[in-house]
Amino acid sequence: MTKTPVARHMVNGNLLPLQFKIHSFSAYAFNTLKCKVIYFNEDFTAQDAETPSGPPPEGDYRSTWGFGSYSGIRNFPSPVEVTWTSLDGQDHHASIDLAEIFKGEEILHRVPDEEIPDGMYPQGLYLDPGIFVEVNDRTISVYMKAMIPTKHLQIPGNKNSNTRHDLILAWTHTY
């Protein structure tokens, strides 16, 4: 699911594609008997690592994800180490290489280049997108979320809707 980096170019005073040098991070576990996620020498599942995680919440639960619980991480200090037991009782371990997934350190978003306000990113750097790792039974998925300003309102009449913050699937694997 990784994409080939695109050559950098200027559009309306913005150097694109946008890149990042630091990020925030969060991890979520669903449908596991136990799960431990370690990244940047932090245990993101310390409180619940040895207990069943249960199913994800009903509906579009990912829409409630903010921008990462731990921010300011310089790209990419280590792989994400995931050790878990799926619902069938099978033990698993995965080492997720974020540097490979986000090769080129490009921001993933769905805002068209021309819709980004003129001159907002003259150096092409975006600060602190959220990176999320979700463990769901036998599947690990990695997402990115970045709040990208837009020239036009995303909800007509709502003056506070001049951004998009889409959650983008960057990588997934079923074990």
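1. R138 is partly exposed, with a relative accessible area of 24%. In this predicted model, the side chain of R138 meets that of D88 in a salt bridge, 2.9 Å from N to O. The two residues come from distant parts of the chain, 50 residues apart. D88 sits in the loop between β7 and β8, and R138 in the loop between β9 and β10. D88 has a relative accessible area of 51%, so it counts as exposed. The cut-off here is 50%: exposed means over it.

2. How many salt bridges does a search of the whole structure find? It finds seven. One of the seven joins K151 and D118, with the closest N and O atoms 2.8 Å apart. K151 lies in the loop between β11 (148-149) and β12 (163-164), and D118 in the loop between α1 and β9, so this pair ties together parts that are 33 residues apart in sequence. K151 is partly exposed, at 37% relative accessible area. D118 is exposed, at 53% relative accessibility.

3. K36 and D43 also form a salt bridge, and their closest N and O atoms are 2.9 Å apart. K36 is partly exposed, at 33%. D43 is partly exposed too, with a relative accessible area of 28%. D43 belongs to β5 and stands opposite I38. Strands β4 (residues 32-39) and β5 pair in the antiparallel sense, over two bridges.

4. That pairing is part of an open sheet. Four strands make up this sheet, in the order β5-β4-β7-β8, and the pairing is antiparallel. Which strands stand at the edges? They are β5 (42-43) and β8 (91-96), each of which pairs on one side only. Strands in a sheet pair through backbone hydrogen bonds, and they may run parallel or antiparallel.

5. T85 is a residue of strand β7. Is T85 buried or exposed? Its relative accessible area is 5%, so T85 is buried; the cut-off for buried is under 20%. Beyond its neighbours within four places in sequence, T85 is in contact with T32, L33, K34, Q90 and D91.

6. Another open sheet has five strands, in the order β6-β3-β9-β10-β13, with mixed pairing. β6 (70-74) and β13 are its edge strands, each with a single partner, so one side of each has no neighbour in the sheet. Neighbouring strands here are turned by 25° against each other on average, with direction ignored. β10 and β13 pair in the antiparallel sense over seven bridges. Within that pairing, Y143 has L169 of β13 as its bridge partner.

7. The largest nonpolar core holds 38 residues. Which of them touch the most other members? They are F25, I96, L98 and F102. Several elements each supply at least two residues of this core: β3 (22-30), β4, β7 (80-86), β8, α1 (98-101), β9 (130-136), β10 (139-145) and β13 (167-174). Nonpolar side chains tend to be buried together in soluble globular proteins.

8. F102 deserves a look of its own. Neighbours within four places in sequence aside, F102 is in contact with F20, F76, L108, I131, V142, Y143, M144 and A170. Another core, of five residues, lies apart from the largest one. Its members include F30, Y61, W65 and F132.

9. Some backbone values call for a check. Most residues other than glycine have a negative phi, and most peptide bonds are trans. The peptide bond from L16 to P17 is cis, with omega near -5°. P17 lies in the loop between β2 (14-16) and β3.

10. N41 has a positive phi of about 60°, although it is not a glycine. N41 is in the loop between β4 and β5. N41 is exposed, because its relative accessibility is 77% and the cut-off for exposed is over 50%.

11. D128 likewise has a positive phi, near 60°, and is a residue other than glycine. Where is D128 found? D128 is in the loop between α1 and β9. Its relative accessible area is 22%, so D128 is partly exposed.

Note on methods. Residues numbered from 1 in each chain as written. Predicted model: local features only at pLDDT ≥ 70, side-chain atom pairs only at ≥ 80, totals over all residues. Heavy atoms only, no water. Pairing = 2+ DSSP bridges. Core = buried A, V, L, I, M, F, W, Y, C linked by side-chain atoms within 4.5 Å. Buried < 20%, exposed > 50% of the residue type's maximum accessible area, 1.4 Å probe, protein only. Contact = heavy atoms within 4.5 Å. Salt bridge = Lys/Arg side-chain N within 4 Å of Asp/Glu carboxyl O. Axes fitted to C-alpha atoms, helices over the stretch in contact; angles between N-to-C directions.
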